[in-house]
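Dear colleague,

I am handing over the structure below, and after it I set out what was found in it. Please read the notes with the model open beside them.

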Amino acid sequence: MPELRIDPFPSAAELDALWSAAWGTPAPRDFSSILSRSLAHIGAYHDNQLIGFVNVAWDGGIHAFILDTSVHPDMRRQGIATRMVRQATSLARERGAEWLHVDFEPHLTGFYRACGFRPTKAGLIKLV
């Protein structure tokens with residue numbers, strides 16, 4: 001079972017390799033400046049190789065946001081993303097977040113519901 005590491009600060013090359021495999025595109029930028037300002041981030045490692053990642057961004061107060069949930073395609077359907085999101089949720093609470101939000105595409109509704117997320121009455125406005 002992959003090991004979860006809290007705030008691991010993977011190298012740009014590690015994140016780029018995972019991002020390319022998971023999303024089919026190169027990583028949009030070097031994540032080091034982003035991760036240094038994040039509330040938390042979780043890396044999943046198998047044989048010391050980064051195979052999963054999730055970032056918890058925040059506003060510096062009580063709102064945090066799940067971003068970039070990624071698992072290498074060869075390692076999917078093993079519960080890795082669920083474990084990472086649940087660990088991220090726990091860390092966000094421990095570190096003072098009272099609200100944890102996640103934006104996702106409709107086909108991931110079941111996944112995020114299984115991780116404990118529920119819709120709110122606040123509604124969403126998409127920036128176009």
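Which residues does V56 touch, not counting residues up to four places away in sequence? They are S38, L39, A40, A64, F65, I66, A88, A92 and L100, where contact means heavy atoms within 4.5 Å.

Before going further, please bear in mind that this is a predicted model, in which local features need pLDDT of at least 70 and side-chain atom pairs count only at pLDDT 80 or more, while totals for chains, interfaces and linings use all residues. Residues are numbered from 1 along each chain as its sequence is written, and side-chain values use heavy atoms, with hydrogens and water left out.

The strands

Helices (H or I, at least four residues) and strands (E, at least two) are DSSP runs, numbered from the N terminus, and two strands are said to pair if DSSP finds at least two bridges between them. Strand 1 (residues 3-6) pairs with strand 2 in the antiparallel sense over four bridges, and the partner of I6 in strand 2 is I42. I42 in turn has V54 as its bridge partner in strand 3, within an antiparallel pairing of strand 2 and strand 3 that counts seven bridges. Six of the seven residues of strand 2 are buried, so this strand is largely enclosed by the rest of the structure; buried means under 20% relative accessible area, exposed over 50%, and partly exposed in between (1.4 Å probe, protein chains only).

Strand 3 (residues 49-58) and strand 4 (residues 63-71) run antiparallel and are joined by six bridges, with F53 standing opposite S70 of strand 4. These two strands form a hairpin with four residues between them, and G60 in the turn has a positive phi of about 85 degrees. Strand 4 and strand 5, by contrast, run parallel and are joined by four bridges, F65 having H101 in strand 5 as its bridge partner. From strand 4 the chain passes through helix 3 to strand 5 in a right-handed β-α-β crossover, right-handed meaning that, with the strands pointing away from the viewer, the path from the first strand over the helix to the second runs clockwise.

Residues in the loops

F9, in the loop between strand 1 and helix 1, has a positive phi of about 50 degrees although it is not a glycine, and with a relative accessible area of 47% it is partly exposed. D47, in the loop between strand 2 and strand 3, likewise has a positive phi, near 50 degrees, and counts as exposed at 70% relative accessibility.

G96 lies in the loop between helix 3 (80-94) and strand 5 (99-102) and is partly exposed, with a relative accessible area of 36%. Leaving aside residues up to four places away in sequence, G96 touches G61 and I62, and its C-alpha atom is separated by 9.2 Å from that of L39, 57 residues away along the chain.

The interior

A64, in strand 4, is buried, with a relative accessible area of 0%. Its contacts, not counting residues up to four places away in sequence, include L39, V56, W99 and L100, whereas N48, 16 residues from A64 in sequence, is 28 Å away in space, C-alpha to C-alpha.

A nonpolar core is taken as a set of buried Ala, Val, Leu, Ile, Met, Phe, Trp, Tyr and Cys residues joined through side-chain atoms within 4.5 Å. The largest such core has 23 residues, of which V56, I66, I80, M84 and F117 touch the most other members. Strand 2 (40-46), strand 3, strand 4 and helix 3 each supply at least two residues of this core, and helix 3 gives the most, with seven residues. Apart from this core lies another, of nine residues, among them L15, W19, F31 and I34.

With kind regards
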